[in-house]
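Hi everyone, thanks for coming. Please bring up the sequence and the model on your screens, and we'll walk through a few parts together.

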Amino acid sequence: MKDNFSKQADGYATFRPSYPREAFDFILSFVPNKNTAWDCGTGNGQLAVQLAEHFDKVYATDISEKQISKAAKKDNIVYEVSSAEENAFTANQFDLITVAQAIHWFDFDRFYAKVNVTLKNGGIIAAIGYNLPESDEAINLVIRHLYADILDDYWDPERKYIDNEYKNIPFPFKEIPVSEKFAQRAMWTIEDLKGYLNTWSAVQHYLKTNTENPVDAVLDDFKQAWGDGEKKEFRFPTLLRIGRVIK
C-alpha cells in the first residue's frame with residue numbers, strides 16, 4: 001500500500017469531509033452484534049470515532065504514523081500502525097470491518113484473505129468512499145479542469161476505482177445491494193476548498209516536479225466562479241459496497 005497522505009496529514013484532518021450519518025446507519029443495520037470492529041486504513045480516524053459510539057472496542061489501523069497521530073482519541077479505540085494485509089489480528093475477531101476512502105490502495109487478494117479470516121461468520125465488510133465534490137456548475141467546471149486536465153498525469157493508477165465509483169473493485173463476498181444514494185455535505189469558504197484540494201495525492205505528486213502549486217494556479221478561476229456568499233455547499237457523492245462473509 002502506498003503512503004500518499006503522511007505529508008499532508010494536518011490538512012487531511014482539517015479538510016477531509018466526514019461520512020453521512022445515513023450511510024453509517026445503513027451499514028450498522030446489517031450488524032446485529034456490536035462487540036468489535038476494525039477500521040482499516042483509518043487515516044485520521046474519522047470513521048473509527050463514529051464506530052466507537054456503537055461498538056465495545058474498535059481497532060483502527062493505518063500505515064501512516066503521522067495520520068494516526070492526528071486521530072481523535074477515545075477509550076475504546078485502539079490505534080495501530082500496520083498495513084491492511086499484515087497485522088496481528090486473529091480468526092473470528094470482528095463483527096464489522098470498514099474501509100473508508102482507502103480500499104483502492106490495498107492488495108485486494110491479500111486483504112480479502114485477512115478479511116475472511118478475521119471476520120466472524122456472517123460478519124460485514126463495508127467499503128465506503130466519496131467522489132469529486134459538487135457545487136454550483138461554474139465551480140464544478142474549475143474542479144473538473146483541475147482534476148482531469150491539469151492533474152491527469154499525476155494521479156496514481158488506483159484512482160480509476162474512484163472514477164468508476166468502486167463498481168470495478170473485486171468484491172468476493174455475499175454482496176448486499178445498496179439502492180439508496182448517500183452524500184456527504186459541507187459548507188465551505190474558498191479557503192476551505194483550497195485546503196481540501198491540497199490534500200489530493202495528485203497535487204502532492206505535481207508539487208514534487210513543478211514549482212507552482214496547481215491549486216493556486218486555478219484560485220482566480222474559483223473566485224470568479226464563486227459568485228455571492230462567503231460559503232457554498234459542497235456535496236460528495238458516497239461510494240458504498242457492503243458484503244457478508246459466510247464460512
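Let's start with what covers the buried residues of helix α11: the cover includes α6, β7, α8, α10 and β8. Keep in mind as we go that this is a predicted model.

So which residues of α11 are buried? In this helix, residues 219–226, they are Leu219, Phe222, Ala225 and Trp226. Look at the spacing of those numbers for a moment. An α-helix has 3.6 residues a turn, so residues three or four places apart point the same way. If you look down the axis of α11, the buried residues fall within an arc of 125 degrees, so they line one face of the helix. And what sits on the face turned away from that buried side? There you'll find Asp220 and Gln224, both exposed. Just after α11 comes Gly227, with a positive phi of about 75 degrees.

Now let's move to β7, one of the elements covering α11. Met187 is found in this strand. Is Met187 buried, exposed or partly exposed? Its relative accessibility is 47%, so it counts as partly exposed. Leaving aside residues up to four places away in sequence, Met187 touches Asp192, Lys231, Lys232 and Glu233. For a sense of distance, take Met187 and Thr61: they are 126 residues apart along the chain, and their C-alpha atoms are separated by 29 Å.

Next, the largest pocket, which holds about 480 Å³ of space. It is lined by 22 residues, and the closest to its centre are Glu165, Lys167, Lys181, Thr238 and Leu239. Which element gives the most? That is β8, with seven residues. Sorted by class, the lining has 10 nonpolar, three polar and nine charged residues.

Let's finish by zooming out. The protein has 11 helices and eight strands. Its radius of gyration is 18 Å, close to the 18 Å that the globule rule gives for 247 residues, so the protein is as compact as a globular protein of that length. Along the principal axes, the C-alpha atoms fill a box of roughly 55 × 35 × 35 Å. Of the 247 residues, 57% count as buried. And among contacts between residues at least 6 apart in sequence, 77% join residues at least 24 apart.

How values were computed: Residues numbered from 1 in each chain as written. Predicted model: local features only at pLDDT ≥ 70, side-chain atom pairs only at ≥ 80, totals over all residues. Heavy atoms only, no water. 1 Å grid on protein atoms, 1.4 Å probe; cavity = no way out; pocket = protein on both sides within 12 Å on 5 of 7 lines; lining within 4 Å. Points joined across faces, edges and corners; volume = space filled by probe spheres on them. Helix = DSSP H or I, 4+ residues; strand = E, 2+ residues; numbered from the N terminus. Nonpolar A, V, L, I, M, F, W, Y, C, P; charged D, E, K, R; others polar. Buried < 20%, exposed > 50% of the residue type's maximum accessible area, 1.4 Å probe, protein only. Arc of directions from axis to C-beta. Contact = heavy atoms within 4.5 Å. Rg over C-alpha atoms; globule rule 2.2 N^0.38 Å.
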